[in-house]
Amino acid sequence: MSIRVLSVASEVTGLVKTGGLADVVAALPAAVTPHGIEMTTLIPGYPAVIAAVQASTAPAPVKRGRKPADPALHVWDSLLGEPARLIAGKLGDHPLLVLDCPALFGRDGGPYGDMGGKDWPDNWRRFAALGRAAADIAGGAVPGLGADVLHAHDWQAALAPAYLRFAPYGAPGARPIPSVMTIHNMAFQGHFGPEIFPRLGLPDRAWGVSGVEYHGGVGLLKAGMEAASTITTVSPTYALEIREARFGMGLEGLIQTRGPRVRGIVNGIDTAEWDSATDKALAANFTVRSLPRRAVNKRALETAFGLQSDDGPLFIVISRLTWQKGIDVLCECLDHLVGLGGRLALLGAGDAALAAELSRAAARHPGRIGLRIGYDEALSHAMQGGADAILVPSRFEPCGLTQLYGLAYGCVPVVARTGGLADTVVDANIAALAAGAATGIQFAGVDYAGLALAITRAIALYHDREAWAGVQRAGMRSDFSWRRSGAAYAALYRELLSETA
Ligand code: ADP
């Protein structure tokens, strides 16, 4: 029997994306379908989302003198005080639901803030509305829709399990449907003041340590973690790390309390989108059997970034420019990298001070360090398909996707030993090299000594051309697809249903 899952999130690749969360939300429906799961995805109706959905659904012909029929699947007169509609779209071959609420989502800027990057002051209400709508749909309060399991992603969707648990759905006294709360990054928790509590429409009993209250205010992610039947995060190592204060960021106690309920399931990548044999963003397509063709892409990359052409290693970084990603440590190591004959091409956006520091390094090393400050999906593909190695010096990394794209494209990942980076890259130590199992380089300690040593190791390995090609091939042959993770999520949904049966 197939199981209906409602997946709710604030972004999805193809429509709105700020990070890896969007990639995961987009890939999940296809990943779980082979395991008998029918997944519907609910996202907010930002202007770009509404425009895309309207463009893809032709309006029904309207008879003269009649008002066009409202294509809405459902209408809320008041969702957190605002009128809202639910409209249907498509996410590839899978159903999509869009919460159209112009007062909350119909604004220019990013999904979470204005053009200047300042958070919207009413984010609590915007994402409470998303959570409430998800609970209404999954809980059966929207005629014609429903779900067997609710799957909420990150703090923006985290009130959904709380509404399910505390608001009355179904027959009086009926148990709510099971829910999964997936944490894609513990650093973003959605904290707000206590004054919002009365406006959430939750009963008084939802206030308190086992409800939405967090240090005297309201914690959205915390509320979801308390209310959900189970918690997952996006790698087994991160699932263990967040039991400690350094990674749990205040919620480590709750993670420990929920103990075995916290599971780590590694993300996969979209292997149709990231296929080096067919990728249109590459100057030359290649496979594991035609690695030398990557040289064409390397030359194209040198031109695109204004780099000198030579036979030395070309490193890349594709990243948000933030403290989490260790970009400050990267800056410290750039003279070292160039001194050993390396070059760097970096694509990223974020912290202005880090961007300025990178620009200074590029000015010091013309032709050796090239920068592109901004967001460019096609360029990110071209970089993975042409560079020799990708640096990922994250201080913490719940899963990380760029190292997986690197593996798929023969761009050897050089990663900090944390979270999903530790779980997905096999360090090129002597034993792993001898066994042909090495796929990259791991280093401990995100500081100058740690990263500089990793760069030294990478450059030495690069000059052993046969060993390097072996590492590239092992990476390309490793399983970074959604196959295993899709099966793991499907098994989890079934397990939850059998517990509530
Ligand atoms: P996070 O979600 O923490 O930012 P991930 O590695 O999980 O990190 O996912 C980042 C995603 O965003 C990847 O798909 C990566 O290729 C992409 N990305 C990050 N920065 C850029 C950029 N400046 N241009 C294009 N793609 C980017």
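**The ligand shell**

Modeller: Domain 1 (3-58 + 67-268 + 483-500) and domain 2 (291-476) each contribute at least three residues to the shell around the ligand (bounds from an automatic or database domain assignment). This is a predicted model, in which local features need pLDDT of at least 70 and side-chain atom pairs pLDDT 80 or more, while totals for chains, interfaces and linings use all residues. Residues are numbered from 1 along each chain as its sequence is written, and side-chain values use heavy atoms, without hydrogens or water.

The shell holds 19 residues (a heavy atom within 4 Å of the ligand). Those that come nearest are Gly20, Arg320, Lys325, Gly374 and Leu401. By class, 5 residues of the shell are nonpolar, 8 polar and 6 charged (Gly counts as polar, Tyr as nonpolar).

Among secondary-structure elements (DSSP runs; helices of at least four residues, strands of at least two), strand E13 (314-321) gives the most to the shell, with 3 residues. H1, strand E14 (343-350), helix H14 (377-386) and helix H15 (402-408) are also among those that supply at least two residues each.

In the side chain of Lys325, an N or O atom is 2.9 Å from an oxygen atom of the ligand. For Asp376, a backbone N or O atom lies 3.0 Å from a ligand nitrogen. A polar side-chain atom of Tyr375 is 3.5 Å from a nitrogen atom of the ligand. On its own, the ligand has 570 Å² of accessible area, of which the protein covers 92% (Shrake-Rupley, 1.4 Å probe).

The lining of the second largest pocket has 14 nonpolar, 7 polar and 7 charged residues. Domain 1 and domain 2 each provide at least three of the residues in this lining.

Key. A polar contact is a pair of N or O atoms within 3.5 Å; within protein, one must be able to donate a hydrogen and the other to accept it, and residues adjacent in sequence count only if both atoms are side-chain atoms.
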